[in-house]
Amino acid sequence: MRQAQHRLLIETPRRGLVEITRPVLAWVESTGLRDGLLTAFIRHTSASLLIQENADAEVQRDLERFLARLVPDGDPLFRHAAEGSDDMPAHVRSVLTQTQISIPLQRGALLLGTWQGLYVYEHRLRGHRREVALHLLGD
Amino acid sequence: MRQAQHRLLIETPRRGLVEITRPVLAWVESTGLRDGLLTAFIRHTSASLLIQENADAEVQRDLERFLARLVPDGDPLFRHAAEGSDDMPAHVRSVLTQTQISIPLQRGALLLGTWQGLYVYEHRLRGHRREVALHLLGD
Amino acid sequence: MRQAQHRLLIETPRRGLVEITRPVLAWVESTGLRDGLLTAFIRHTSASLLIQENADAEVQRDLERFLARLVPDGDPLFRHAAEGSDDMPAHVRSVLTQTQISIPLQRGALLLGTWQGLYVYEHRLRGHRREVALHLLGD
């Protein structure tokens, strides 16, 4: 049993989802580990992680429309607005989604379902440089 | 230190919660591991995992009523409707709950609290065959 | 590779966030492990775990205002009210946040981002004694 760690740097272009399944898989393969547990942890409070359908891009747009309605930018409820009207909504969206996701690895394959992809969700309107810590433990 | 993996197949009857605490515990016991970390990962984007109270069934019905109001079936906001008016709401409900949950194991007991149960939440109106990957690492 | 476990007892004063970053770090250091995966698991269904900004306390108050509006105490939608008008909302808030969070540990440092803190979120109006199980696996 051994472990490996890595940092993934993602330049998000703007608010929305950026799929990271491929670079995560590439790193997992590079470790030589074939069975274990992969953990992805995003080091931010205004961007988050998500597993969602990777087949129809409309799903991602609908999800964005839902969150934009649920947590409106510029909502007068929010007093923390020094960094902009999208800042506090970004924190709330992060809380409602995930900061960390672990996925089992079996015989060299991450056990993502057929339609599952792993995403970084940028919640700020403008793009940012985001850091995802990857940890893998196994054989 | 060693690891074990398993797949749990759950036939959900319809939208709602299906408790899986018992089959998960049975598998954990069968591995012979007594201290470690159990991870459950659901391989779907329209069903999710949840830890909730297992004492009063009314809690589950209230939770369902809350989610049905928060993410209404057939909401005109959603354009991804090819698979039915409950499809996109099922994705959103999955995002708002969990795809993966890890629970420490100590001296042969999962550290669930007195009132905690582990559940699969079927978010589609009709039942489906759902797959939960289990991973256990420990001694 | 070895593992360590611990229970953190938190007396929450009332509804709201209690930061636990410091006692978690202190325990991690006491184990002597320097690289691995830390898992925190809260053994309750009306309190939860959260990673959020620890810089501006207004973020926490805004988050509380958002959740109080999204899941109102005493909502007639809820029938499970035996323990009070804040009981079912506390379960829903727990479902919408996290019961478990894992954080990688590298060279003796938890990989929390600059602005990230780990919190217990008390969702009941009155304070409670809460138990967080900590599990650490590594070298």
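Visitor: Do chains A and C meet through the same surfaces or different surfaces?
Guide: In this predicted model, the copies meet through different surfaces, because only 20% of the interface residues of chain C are also interface residues in chain A.

Visitor: How many residues does the contact take from each chain?
Guide: Chain C gives 35 residues and chain A gives 32 residues.

Visitor: And what area is buried between chain C and chain A?
Guide: About 2,900 Å². Carbon and sulfur atoms give 60% of that area.

Visitor: How many salt bridges are found across the interface of chain C and chain A?
Guide: The rule finds one. That salt bridge joins the side chains of C:Arg69 and A:Asp75, at 2.7 Å from N to O.

Visitor: How many residue pairs are in polar contact?
Guide: Between chain C and chain A the count is 20 residue pairs, with both residues at pLDDT 80 or more.

Visitor: Which element gives the largest share of the side of chain C that touches chain A?
Guide: α2(C), with eight residues.

Visitor: What is that side of chain C like by class?
Guide: The side of chain C that touches chain A has 17 nonpolar, 10 polar and eight charged residues.

Visitor: Switching to symmetry. What rotation superposes chain C on chain A?
Guide: A rotation of 120 degrees, with 0.0 Å of shift along its axis and an RMSD of 0.0 Å. The two copies are therefore related as by a three-fold rotation axis.

Visitor: Which C-alpha of chain C is nearest the axis?
Guide: That of C:Leu96, which lies 3.3 Å from the axis.

Notes. Residues are numbered from 1 along each chain as its sequence is written. Chains are lettered from A and ligands numbered from 1 in the order in which they are written. This is a predicted model: local features need pLDDT of at least 70, side-chain atom pairs count only at pLDDT 80 or more; totals for chains, interfaces and linings use all residues. Side-chain values use heavy atoms; hydrogens and water are left out. Copies are superposed by least squares on the C-alpha atoms of residues with pLDDT of at least 70 in both. Contact means heavy atoms within 4.5 Å. Buried area is the accessible area (1.4 Å probe) that two parts lose on being put together, summed over both. A salt bridge is a side-chain nitrogen of Lys or Arg within 4 Å of a carboxyl oxygen of Asp or Glu. A polar contact is a pair of N or O atoms within 3.5 Å; within protein, one must be able to donate a hydrogen and the other to accept it, and residues adjacent in sequence count only if both atoms are side-chain atoms. Helices (H or I, at least four residues) and strands (E, at least two) are DSSP runs, numbered from the N terminus. Ala, Val, Leu, Ile, Met, Phe, Trp, Tyr, Cys and Pro count as nonpolar, Asp, Glu, Lys and Arg as charged, and the others, Gly among them, as polar.
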